[in-house]
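Thanks for making time this morning. I'll go from single residues out to the whole chain.

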Amino acid sequence: MTILWDLDPRASHAYGFALGPDTVQIFAAGQVGKALQEGNHPLVVIGPDIALEAACSLAELERIDRPELGVILLRHRVDVTTLAQALRSGVREVVQVGDQTALSDAIKRSLELTAQLSGHSHSGGSGEGKVITVFSAKGGVGKTTLATNLATYLASTGAQTLLIDLDLMFGDVAISLQAVPAHDIGDLVSMRGHLDEQGVHSVVTRHEDSGLDLIAAPSDPGVADRVPAAVVEELLRVARGMYAYVIVDTPPNLTEHVLTACDLSDLTMLVATLDIPAVKNLRVAMNTLDTLGASNDGRVIVLNRSDAKVGLKADDVEVALKYEIRAQVPSSQSVPSSVNRGVALVLDEPRSPVSVAIRDIADREIRMRFGEQVENGAKRGLGLLRSKK
Ligand SMILES: Nc1ncnc2c1ncn2[C@@H]1O[C@H](COP(=O)(O)OP(=O)(O)O)[C@@H](O)[C@H]1O
Ligand SMILES: [Mg+2]
């Protein structure tokens, strides 16, 4: 709820248009501090009759205790001295009384910034949310399985998580989680150039079991061609300000969209199987990523169906890839049967060896890598799985 600190009883009516209904007016300075301590308020708008010194000292104090709080100052006249003093004390914006559009723009900007700052605190790491792209140069190797299960598990730990289906033609993220998307990534095209958090929210589908947000691929494959790679770039830049983790599922080739995602990723997770042609293609794809300057330390190889009896071993794959395999996921009938039932295996059968392996990858290669404290790795009590932070 927004706090309006103003001495004039008519103020909430006067600024009501810009402030919105979710506002409470407070008259005394002491009450403002108290309200901030007691409730979760994203914004204080300070009226023109409150002395500049009083307004600045509130901003200065709260800047330390509550850095995510926005403070907007209304003045009858905005001059350089007022502006300088206000901004120095931590006021986000100074708006002239009467300019309702400027006030509502300032409020919108401030609420967005607050949402971003609060979102970040979930990641446990520093700065922005982390983008993780799951890729392989071949279809049917387990990208979608890995991406959906990693994402649902991360969401179930309480981290704000978004899963994006970049397999624009044949994406199956939504169906494998039994989600019914009202919107999809194709709806972002019209927002190109001015995509903001609200725009991202408007295309997201919520997976209720885990709290995961997902952005589905277009239901019509014909729409895929109309989604420019620039939209993906814009989406990832906005989304990483909103979520602790953004997981990207991909088609089995290095499309412009995939390259864009890899370029913006903090981690690229490459899925290999015990299959020589697939390994060869993965090596070729890695070379391409190398030439594009993708960093090696942001790369992890996961071997899926690692126990398949096909006369090839993990060591052979490492030799062919010239790269260490960091994690292995065994084969299990539970995987296709969970997909057919539309449930995430990590939530539905947390004790299955595949779930244990995927949780371990999420804990080790994602959560701990990006600075989260993880209790006892994947072995901790399964009862904690669904609990929110
Ligand atoms: N570890 C596994 N054990 C058994 N089946 C698996 C495993 N990983 C994936 N599968 C199955 O293989 C098929 C392809 O997996 P998917 O994740 O859709 O691959 P991709 O996204 O790379 O095309 C699916 O039917 C899936 O259920
Ligand atoms: Mg897939």
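Start with Gln 178. Gln 178 counts as exposed, at 56% relative accessibility. The cut-offs are these: buried is under 20% relative accessible area, exposed is over 50%, and partly exposed is in between, with a 1.4 Å probe and protein chains only. Gln 178 lies in the loop between helix 8 (173-176) and helix 9 (197-203). Its phi is near 55°, a positive value in a residue other than glycine.

A word on what you are looking at. This is a predicted model, where local features need pLDDT of at least 70, side-chain atom pairs count only at pLDDT 80 or more, and totals for chains, interfaces and linings use all residues. Residues are numbered from 1 along each chain as its sequence is written, chains are lettered from A and ligands numbered from 1 in the order in which they are written, and side-chain values use heavy atoms, with hydrogens and water left out. Helices (H or I, at least four residues) and strands (E, at least two) are DSSP runs, numbered from the N terminus.

Next, Arg 305. Its phi is also positive, near 55°, and Arg 305 is not a glycine. Arg 305 sits in the loop between strand 12 (299-304) and helix 13. Arg 305 is partly exposed, with a relative accessible area of 46%.

Helix 13 covers residues 314-321, and Val 319 is in it. Is Val 319 buried or exposed? Exposed, at 64% relative accessible area. Val 319 and Leu 73 are 246 residues apart along the chain, and 63 Å separates their C-alpha atoms.

Now Ser 110, in helix 6 (residues 100-123). Ser 110 counts as buried, at 2% relative accessibility. Which residues does Ser 110 contact, leaving aside neighbours within four places in sequence? Leu 43, Gly 70, Ile 72 and Arg 92. Contact means heavy atoms within 4.5 Å.

On to helix 7. Helix 7 runs over residues 143-156, 14 residues in total. From first C-alpha to last it reaches 20 Å, close to the 20 Å expected at 1.5 Å a residue. That expected span is 1.5 Å times one less than the number of residues. Helix 7 is mostly covered, with 13 of its 14 residues buried. Gly 158 follows helix 7, and its phi is positive, near 105°.

Helix 7 packs with helix 16 (residues 353-368) at an angle of about 75°, with the axes 10 Å apart. That makes helix 7 roughly perpendicular to helix 16, a label for angles of 65 to 115 degrees. Axes are lines fitted to C-alpha atoms, for helices over the stretch in contact, and angles run from 0 to 180 degrees between N-to-C directions. From helix 7, the residues that meet helix 16 include Leu 146, Asn 149 and Tyr 153. Their partners in helix 16 include Ile 358, Arg 359 and Asp 363.

Finally, the whole chain. The protein chain has 16 helices and 13 strands. Of its 389 residues, 52% count as buried. Its C-alpha atoms fill a box of roughly 80 × 45 × 35 Å, taken along the principal axes.

How far does the confidence go? pLDDT is the predictor's confidence in each residue, from 0 to 100. The chain mean is 90, and 93% of residues reach 70 or more. pLDDT stays under 50 over residues 120-127 and over residues 377-389. Where pLDDT is low, the predicted coordinates should not be read in detail.

How values were computed. Parallel < 35°, antiparallel > 145°, perpendicular 65-115°, else oblique.
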